Amino acid sequence: APPRWLSTDLRDGNQAIVDPMDSAKKRRFFELLVEIGVKEIEVGFPSAGATEFDFIRGLVDSGTIPHDVVVQVLTQSRADLIRTSFDSLDGVHAAVVHMYNAVSPAWRDIVFRMSQQEVRQIAVDGAKIMRDEAAARPRTDWRFQYSPETFSTAELDFSIEVCEAVMDVLQPTAERPIIINLPATVEAATPNIYADQIEYFCRNLPNRDAAIISLHTHNDRGTGVAAAELGLMAGADRVEGCLFGNGERTGNCCLVTVALNLYTQGIDPGLDFSDIDRVIETV
């Protein structure tokens, strides 16, 4: 079966791009993603600034988002940023709030100068704010996503511990699962190593049936597609990336390549690239 697909093409706000997309370009891109059948779209980083926030509010207020499409926003685990993210989506029919914080030794020791337990607490505190903000806005079907950022260079058991702590706060179920995103924030090893990490995580995460395991690969070694494909074989459920991989530093997983490769396995990816030239032209 094909994975669930998430496009991160519209995630300009956390990239500090010199010439980011304006709202008109973002709207064109959003409409293309809807047309080819992407059902989960990360529409921005609303706490990054007015351009991102206003674009997202425009989608919500204009009724542009189809009812079968779930939009997603990205936020660091900081109280003010999480609350701004919920404000950007207030009134939408359904949305995913995607929260992250780095967990690897390099970030703990050099950036945060914190212990494992202090870093774990950052995730727990953010999860509590997400829970409370969602409860205050009951008209929306809120869904939660958590990323132990720098997963690929962190201790596996610590990543599991942090994700379990977030799940304890948000109380997901098999009927209403949390999305756990496992990013190769820096692609520091060959794809089979990433797949081994995914398999270990899937086998050892408590309450696994209440979690959608999502992949977010990068292209530092040029093997983001291979890492995503092997990660799916290792037990993951969802793939995050950009249509042609043009995003975030070294590039994200190329969704077009992964989707078209599925045909070689006799699997319909569920995305329509029959007019690929127009997709290329728009991107």
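In strand E3, Val73 is the bridge partner of Gly44. This pairing belongs to a predicted model, in which local features need pLDDT of at least 70 and side-chain atom pairs count only at pLDDT 80 or more, while totals for chains, interfaces and linings use all residues. Residues are numbered from 1 along each chain as its sequence is written, and side-chain values use heavy atoms, with hydrogens and water left out. Helices (H or I, at least four residues) and strands (E, at least two) are DSSP runs, numbered from the N terminus. Two strands are said to pair if DSSP finds at least two bridges between them.

Strands E2 and E3 run parallel and are joined by 4 bridges. Strand E2 comprises residues 40-44 and is mostly covered, since 5 of its 5 residues are buried; the term buried denotes a relative accessible area under 20%, exposed one over 50%, and partly exposed a value in between (1.4 Å probe, protein chains only). E2 also pairs with E1 in the parallel sense, over 2 bridges, and Leu6 stands opposite Glu40 of E2. Strand E1 (residues 4-7) is in turn paired with strand E8 (residues 238-241) in the parallel sense over 4 bridges. In that pairing, Ser7 lies opposite Gly241 of E8.

These pairings form part of a closed arrangement. A barrel is closed by 8 strands in the order E1-E2-E3-E4-E5-E6-E7-E8, with parallel pairing. From one strand to the next, the twist averages 25°. Helix H6 (residues 156-170) packs on the sheet and touches strand E5 (141-149), strand E6 (178-183) and strand E7 (211-216). The direction of H6 makes about 160° with that of E5, where axes are lines fitted to C-alpha atoms, for helices over the stretch in contact, and angles run from 0 to 180 degrees between N-to-C directions. Contact, here and below, means heavy atoms within 4.5 Å. As background, strands of a sheet pair through backbone hydrogen bonds, either parallel or antiparallel.

Helix packing was examined next. Two packed helices are described by the angle between their axes and the distance between the axes. Helix H1 (residues 23-36) and helix H2 (residues 50-61) pack at about 45°, with their axes 10 Å apart. H1 and H2 are therefore oblique to each other; angles under 35 degrees count as roughly parallel, over 145 as roughly antiparallel, 65 to 115 as roughly perpendicular and the rest as oblique. H1 passes H2 in a right-handed crossing, a crossing being left-handed if the near helix is turned anticlockwise from the far one by less than a right angle, and right-handed if clockwise. On the H1 side the contact is made by Ser23, Lys26, Arg27 and Phe30, and on the H2 side by Thr51, Glu52, Phe55, Gly58 and Leu59. The residues of this contact divide into 3 nonpolar, 3 polar and 3 charged. In this classification Ala, Val, Leu, Ile, Met, Phe, Trp, Tyr, Cys and Pro count as nonpolar, Asp, Glu, Lys and Arg as charged, and the others, Gly among them, as polar.

H6 and helix H7 (residues 191-204) likewise pack at an angle of about 45°, and their axes are 10 Å apart. H6 and H7 are therefore oblique to each other, and H6 passes H7 in a right-handed crossing. Leu156, Asp157, Ser159, Ile160 and Cys163 of H6 meet Gln197, Tyr200, Phe201 and Asn204 of H7. By class, this contact has 5 nonpolar, 3 polar and 1 charged residues.

In helix H9 (residues 255-263), the buried residues include Leu255, Val256, Val258, Ala259 and Leu262. The elements covering the buried residues of H9 include E1, helix H8 (224-233), E8 and helix H10 (276-282). Ile65 is located in the loop between H2 and strand E3 (70-76) and is buried, with a relative accessible area of 11%. Leaving aside neighbours within four places in sequence, Ile65 is in contact with Phe30, Leu59, Val60, Val71, Val92 and His93. The C-alpha atoms of Ile65 and Val34 are separated by 8.7 Å, although these residues are 31 apart along the chain.
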